[in-house]
Amino acid sequence: MASGKTLTIGIMDAPYESANSTTALRIINAALEKGHNVNVFAYEGAVNLTMNAQQPHPNPVKGTSVEQEQHPTTKDWVASLFKLANAEDVKLDWVNCGLCVDERGAGDWIEGPRRGGPKDFLDASMASDTTLVIPTK
C-alpha cells in the first residue's frame, strides 16, 4: 500500500558506465518496496537504461556461457521495477527525455517508460515530496 510519499529521481548516466545508474536503480527499488511512488526522469545517456536491444553476454576471458555468467541488463532491472510497483500498488512513472532519445537513436525501449521532456521533470519535482538528481561526474 502506498505511503503517500513521492520521490522524483533524475538520472543521467548510461548503463554500465559508472555505479551511478546501479545506485539509482537500487534507490528506486528500495523506495518502491517501502510503498513510495517514484517518478524517474532519464536524461542524456540514461535513456539507454531501458533499450530493448540489450542482451546478456558470455565472458570469454573466464570461459563462461551466457547462462553461467548471468549478466544482468538494465532493461530487465527496470522491467522488474515496474512489476514491483504493480505488486506494491504504487506508481512508477519513468520518463525518457525525448530529445535525448532522438540524439541517441534510443527509441526502442521496453514496456513501461514513456517519452517526455524536461518539463516533465519539473512537473514531477514540483509534485513530489523530494527530488534526487544523480548527475554524471
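In strand β5, I134 is the bridge partner of I11. The structure is a predicted model, in which local features require pLDDT of at least 70 and side-chain atom pairs count only at pLDDT 80 or more, whereas totals for chains, interfaces and linings use all residues. Residues are numbered from 1 along each chain as its sequence is written, and side-chain values use heavy atoms, with hydrogens and water left out.

Strand β1 (residues 6-11) runs parallel to strand β5 (residues 130-134), to which 5 bridges join it. A parallel pairing over 6 bridges also links β1 with strand β2 (residues 37-42), and in β2 the residue opposite T8 is N39. Two strands are taken to pair if DSSP finds at least two bridges between them; helices (H or I, at least four residues) and strands (E, at least two) are DSSP runs, numbered from the N terminus. Together with helix α1 (residues 19-33), strands β1 and β2 make a right-handed β-α-β unit. A crossover is right-handed if, with the strands pointing away from the viewer, the path from the first strand over the helix to the second runs clockwise.

Strand β1 is mostly covered, 6 of its 6 residues being buried. Buried denotes a relative accessible area under 20%, exposed over 50%, and partly exposed in between (1.4 Å probe, protein chains only). In a regular strand the side chains alternate between the two faces of the sheet. In β1 both faces are covered, with T6, T8 and G10 buried on one side and L7, I9 and I11 buried on the other.

Residue N96 belongs to strand β3 (residues 92-97) and counts as buried because its relative accessibility is 0%. The side chain of N96 makes a polar contact with that of T50 at 3.0 Å. A polar contact is a pair of N or O atoms within 3.5 Å; within protein, one must be able to donate a hydrogen and the other to accept it, and residues adjacent in sequence count only if both atoms are side-chain atoms. Leaving aside residues up to four places away in sequence, N96 touches A42, V47, T50, V101, W109, P113, R114, R115 and G116, contact meaning heavy atoms within 4.5 Å.

The structure holds 6 salt bridges, each defined as a side-chain nitrogen of Lys or Arg within 4 Å of a carboxyl oxygen of Asp or Glu. R115 and D102 form one of them, at 2.7 Å from N to O. This pair links distant parts of the chain, with R115 in strand β4 (residues 114-116) and D102 in helix α4 (residues 98-104), 13 residues apart. R115 is partly exposed, since its relative accessibility is 46%. In the salt bridge between K119 and D123, the closest N and O atoms are 2.8 Å apart; both residues lie in helix α5 (residues 118-127), 4 residues apart, or about one turn of the helix. K119 is exposed at 57% relative accessibility, while D123 is partly exposed at 36%. A network of salt bridges links D93, R114 and D120.

The count of aromatic pairs is 2. F41 and Y43 form a stacked pair, at 6.0 Å centre to centre and with 25° between the planes. Rings of Phe, Tyr and Trp (its six-membered ring) pair if their centres lie within 6.5 Å; planes under 30 degrees apart count as stacked, over 60 as edge-to-face and the rest as tilted. F41 is buried at 6% relative accessibility, whereas Y43 is partly exposed at 31%. One aromatic cluster is formed by F41, Y43 and F121.
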